[in-house]
Structure formats: structure tokens, C-alpha cells
Amino acid sequence: MESTSGISPFLRRKLARRFQTYDTDRDGYVDRTDFQSACDRLGTAFGLGPDSAELKHLRELSDGLWQHLARAADTNADGRIDLGEYQAAFAAGLLVTPDSFDAGYVPFLDALMDIADTDGDGRLTRDEQVRWTGALMSLPEPDAREVFGRLDRDADGLITRDDMLEAIREFYFSEDPASTGVWLLGPLDAD
């Protein structure tokens, strides 16, 4: 197993949580099928047929994300990534900087918003947030509702793309255990 000494114990915990949300079949590995089935569930949750333009676009971006992750993390080239490989990729600089992260992640977030923001107003309701996080990441509804409440910093009942992006950045780059982004994927497991 590759070294994860380049990342903090706190980031290791957050990455373990993210790994759980990628591992949709709960086999202890992440592979292309996990990414594909997550897109399928999202399409179903939002009533999109497999040929819808929005879902096709998200699938393309999701496949690109998988390929990037596999190149960086699948060190034994077995077509799947275990938690150690995933964490080691981050220790080796997978994200590098918030700017390089944004360049790779913003298009995916935009495609996701195109699907989840059903009225196209640029903001997600609590129900839209619960639906997409449940479908794409198997986030339990109570956790998704709590996440929404934390991301809705102005308490207007809506979260924007920018709210989401800020929370995602905090999840990966902040060492503050009180940051909103810590809750992006629900509660973290204890050390």
C-alpha cells in the first residue's frame, strides 16, 4: 500500500467517508461500475431516460472523473481502487490546489446542477438536495437533510451552486473540524 503520510488524520477520515460514497456496491473497492450505477440512480431519481442530454453529459464527465482517479490511484492496475490507494493518491497530490480542483470539479458540479435543479433557478431545495445525494452517493435522508441545513448558511431554504462549491472545497482543503464542508457527506466516522 502507498503511503498516506502526506495527509492529515482529519483528511484521511474525510477521504474514507468520500470513498464510502463512491463505493456504491459496498464491495470495498471503487471501479467504473460504481460511477456508472450512481449516474443510473440519479437519472432514475430525477425521471431522466438513459438518452437524455443532461444524463449523457453527466455520464461523460463521470467517466472522465473515473479515468482521472484510476490513473492517479489504481497503482496495481487491477481496474479498481481500494481505500489505501485512494488516500495515497491524495497524499501524492491528486488535488494539488483549490484552483486545479475547481478546473476539474466545476464542470461536474454544473452538470449535476443541470439535473438536480429541476426548476432551473440555480438553487437547490432541500428535497432536490436529498434526492441527488441519496441517488448519486447513497447518503441517508436524515444525513442529507442535516447537510442541507448546514449548507444553507443564510437559512433561506435554498442552496446555490456556489454554496455547494464552497462546501466541496472546504471538505477537501479545510482542516477546520467546524467548517460547513466537513458535513458535505454527512457525519464523519470517529478516529
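Tutor: Buried means under 20% relative accessible area, exposed means over 50%, and partly exposed is in between (1.4 Å probe, protein chains only). This is a predicted model: local features need pLDDT of at least 70, side-chain atom pairs count only at pLDDT 80 or more, and totals for chains, interfaces and linings use all residues. Residues are numbered from 1 along each chain as its sequence is written, and side-chain values use heavy atoms, with hydrogens and water left out.

Student: OK. Is L158 buried or exposed?

Tutor: L158 is buried, because its relative accessible area is 16%.

Student: Where does L158 lie?

Tutor: In the loop between α7 (141–151) and β4 (159–160). Helices (H or I, at least four residues) and strands (E, at least two) are DSSP runs, numbered from the N terminus.

Student: And what does L158 touch?

Tutor: Leaving out residues up to four places away in sequence, L158 touches R123, L124, T125, F148, D152 and D163. Contact means heavy atoms within 4.5 Å.

Student: New topic. How many salt bridges does the structure hold?

Tutor: The structure holds 11. A salt bridge is a side-chain nitrogen of Lys or Arg within 4 Å of a carboxyl oxygen of Asp or Glu.

Student: Which residue pairs with D40?

Tutor: R59, at 2.6 Å from N to O. D40 lies in helix α2 (residues 32–45) and R59 in helix α3 (residues 53–73), so the pair ties together parts 19 residues apart in sequence. D40 is partly exposed at 37%, and R59 is partly exposed at 25%.

Student: What about D110?

Tutor: D110 forms a salt bridge with R161, and their closest N and O atoms are 2.4 Å apart. That pair links distant parts of the chain: D110 in helix α5 (residues 98–116) and R161 in helix α8 (residues 161–173), 51 residues apart.

Student: Which residue does E146 bridge to?

Tutor: R150, with the closest N and O atoms 2.7 Å apart. Both are in helix α7, and they are separated by about one helical turn because they are 4 residues apart.

Student: Why does one turn matter?

Tutor: An α-helix has 3.6 residues a turn, so residues three or four places apart point the same way.

Student: Last one. Which residues of α1 are buried?

Tutor: F10, L11, K14, L15, R17, R18, F19, T21 and Y22.
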